[in-house]
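Please keep the sequence and the model in view while reading.

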Amino acid sequence: MRTEDRDEAFTQFVATRRTHLRRVAYAICGDWHRAEDLVQTALVKLYVAWPRVERDGREEAYVRTIIVRADIDESRRPWRRERPGLEGPDRAAREPLPVEERSALFAALQDLPTMQRKTVVLRHWLGLSVTETARELGVAEGTVKSNASRGLAKLQEVLGAERRA
Amino acid sequence: MDIRDEIDASFGTGPTEGPVHAIVADGHRALRRRRLATSGAAALVAVVLGGGAVFAAGGDDTAGGRGTDVVGSPTAGTPTPAEPTRKQVRRVLRMQLADYGVDGRLEVDPRARVVQRLDNPFRLTAPGRSLAVALEFRGARYWYVMYRHASGEGGGSSTWSGDADQSFEDWVQNEEMLSADPGTGAGDAWPGIPDLDLVRFVGTGEVLEPSEGVTILEQRRSPRVGDAFATTADRSAVALVRDADGREFYVLARGLDGTEAEYIAVRVADGGPTMDAFLDLARERYASGGGLL
């Protein structure tokens with residue numbers, strides 16, 4: 001594969017899917033800056049693995065898997081250590097976050113235990129099957145079912161309270 | 001409104017995204033770093049040539065030094081003689097100024113001039129072969145590399161030198177990474193496979209047991225891959241296993257506080273000939289922040 005072909009195909013993928021992927025990361029970690037870094041880390045890894053991943057047609061699943069798993073690592077050590085390939089221009093100067101109204105539902109999602117939150121995001125927001133969710137999270141299907149059930153029940157409680165209010 | 005729509009509507013799109021080209025540039029750097037980390041500095045032999053036209057090369061052609069005109073090395077630090085427009089670059093790259101001919105010899109467009117050449121920069125073993133050339137065409141420099149693996153798979157790449165933020169030699173080394181024979185798995189900078197059901201922890205300890213049809217050939221507790229992978233407070237293990245199809249994998253396992261255990265499989269061909277070699281690879285990856293996945 002020629003570099004220019006790889007760059008073009010990769011750029012097209014990023015242009016069309018990056019916003020969605022960043023929302024996935026945000027739903028999992030609850031911080032836009034961290035979500036941006038997570039997605040960039042995942043995309044750099046995708047670029048390196050591009051020929052293999054594109055051949056298999058699983059670009060988005062590849063990035064998503066890195067996002068949901070990287071978050072475990074990122075919470076365990078200094079942030080800057082885990083940013084392969086991101087040593088370009090100074091990215092410390094970030095624009096201020098826009099004022100965004102977080103809903104009670106999103107707050108409840110963030111309050112879920114990590115695995116429940118990830119499971120709900122993949123299973124109930126993105127609509128992945130139990131098998132796909134288990135594969136991306138690296139857990140058993142039974143674990144997906146129990147986490148999805150518990151997480152969803154908590155979110156339904158919040159939604160019910162909002163509707164009654 | 002169902003739960004999917006409710007979640008989708010519960011937050012926005014966040015701040016403005018950075019430029020895509022910066023991510024592509026990061027990708028280039030990651031490849032280069034990976035390349036240098038795994039292969040070391042390649043002993044590239046540069047042959048500076050002059051003159052244009054078609055000349056013989058290919059697997060049996062080692063006739064470096066054929067020309068006599070010495071032209072400066074076309075590195076990123078050397079000003080490119082002319083800066084073509086983006087449209088011109090695209091048109092020139094489509095022209096394929098250099099490639100292997102039907103007889104396996106290098107052919108160069110007679111209007112181009114070879115200013116530097118690297119013989120077999122990918123160090124492929126015959127019948128595999130590779131060749132890189134820097135050409136001057138209409139006042140601008142273009143770089144070409146072409147290769148054929150012993151498996152028969154081959155290809156090439158080209159770029160305008162002004163697009164590369166590196167030297168000709170570094171660009172060629174990057175291309176070697178990109179062109180790794182898929183049969184070897186050498187092109188996978190992060191070779192981990194997350195979804196193979198090969199082993200699992202027994203209870204809450206660090207002993208691994210095989211999944212159905214899998215044989216554990218060797219296993220170790222607490223392999224100390226580094227704190228980025230698991231601290232001494234976490235449980236971790238590594239195993240060499242053979243699955244029901246006879247394929248062999250290394251599996252790194254960890255169980256972190258409050259999370260499900262994670263198992264990352266790496267084919268033995270990608271992980272190294274011994275468990276120690278695999279653990280060295282894993283330590284390097286986690287120390288550099290890359291991980292195995």
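His124(A) has its place in helix H5 of chain A, where helices (H or I, at least four residues) and strands (E, at least two) are DSSP runs numbered from the N terminus. This is a predicted model, in which local features need pLDDT of at least 70 and side-chain atom pairs count only at pLDDT 80 or more, while totals for chains, interfaces and linings use all residues. Residues are numbered from 1 along each chain as its sequence is written, and chains are lettered from A and ligands numbered from 1 in the order in which they are written.

With 20 other C-beta atoms within 10 Å, His124(A) is buried; a residue counts as buried if 20 or more other C-beta atoms lie within 10 Å of its own, as exposed if 12 or fewer do, and as partly exposed in between, with C-beta atoms placed from the backbone. Leaving aside neighbours within four places in sequence, His124(A) is in contact with Ala148(A) and Leu152(A), and also with Ile3(B), Arg4(B) and Ile7(B) of the other chain, two residues being in contact if their C-beta atoms, placed from the backbone, lie within 7 Å. His124(A) and Ala148(A) are 24 residues apart in sequence, and their C-alpha atoms are 7.8 Å apart in space.

## Chain A as a whole

Chain A has seven helices and zero strands, and its pattern along the sequence reads α-α-α-α-α-α-α. Of its 165 residues, 42% are buried. Among the contacts in chain A with a separation of 6 or more, 63% join residues 24 or more positions apart.

## Helix H4 and its neighbours

In helix H4 of chain A, which covers residues 104-111, the buried residues are Phe106(A), Ala108(A) and Leu109(A). Seen down the axis of H4(A), these buried residues fall within an arc of 160°, so they line one face of the helix; the arc is that of the directions from the helix axis to the C-beta atoms. The buried residues of H4(A) pack against helices H1 (3-29), H5 (114-125) and H7 (141-164) of chain A, together with helix H1 (3-8) of chain B.

Two packed helices are described by the angle between their axes and the distance between the axes. The axes of H4(A) and H7(A) come within 9 Å and cross at roughly 155°, where axes are lines fitted to C-alpha atoms, for helices over the stretch in contact, and angles run from 0 to 180 degrees between N-to-C directions. H4(A) and H7(A) are therefore roughly antiparallel to each other; angles under 35 degrees count as roughly parallel, over 145 as roughly antiparallel, 65 to 115 as roughly perpendicular and the rest as oblique. On the side of H4(A), the contact is made by Ala104(A), Leu105(A), Ala108(A) and Leu109(A), and on the side of H7(A) by Lys154(A), Leu155(A), Val158(A), Leu159(A) and Glu162(A). By class, the residues of this contact divide into seven nonpolar, no polar and two charged, with Ala, Val, Leu, Ile, Met, Phe, Trp, Tyr, Cys and Pro counted as nonpolar, Asp, Glu, Lys and Arg as charged, and the others, Gly among them, as polar.

## Helices H1 and H2

The axes of H1(A) and helix H2 of chain A, residues 32-56, come within 9 Å and cross at roughly 140°. H1(A) and H2(A) are therefore oblique to each other. Their contact has 14 nonpolar, no polar and six charged residues.

Helix H2 of chain A also holds His33(A), which counts as partly exposed with 16 C-beta neighbours inside 10 Å. The C-alpha atoms of His33(A) and Arg22(A) are separated by 9.8 Å, the two residues lying eleven residues apart along the chain.

Chain B comprises six helices and 13 strands, and 37% of its 293 residues count as buried. Of the contacts in chain B with a separation of 6 or more, 56% are between residues 24 or more positions apart.

Most residues other than glycine have a negative phi, and most peptide bonds are trans. Arg138(B), however, has a positive phi near 50°, and is placed in the loop between strand E5 (129-137) and strand E6 (140-148) of chain B. Arg138(B) counts as exposed, with 12 C-beta neighbours inside 10 Å. Arg224(B) likewise has a positive phi, near 55°, and is found in the loop between strand E10 (215-221) and strand E11 (235-242) of chain B. With 14 other C-beta atoms within 10 Å, Arg224(B) is partly exposed.
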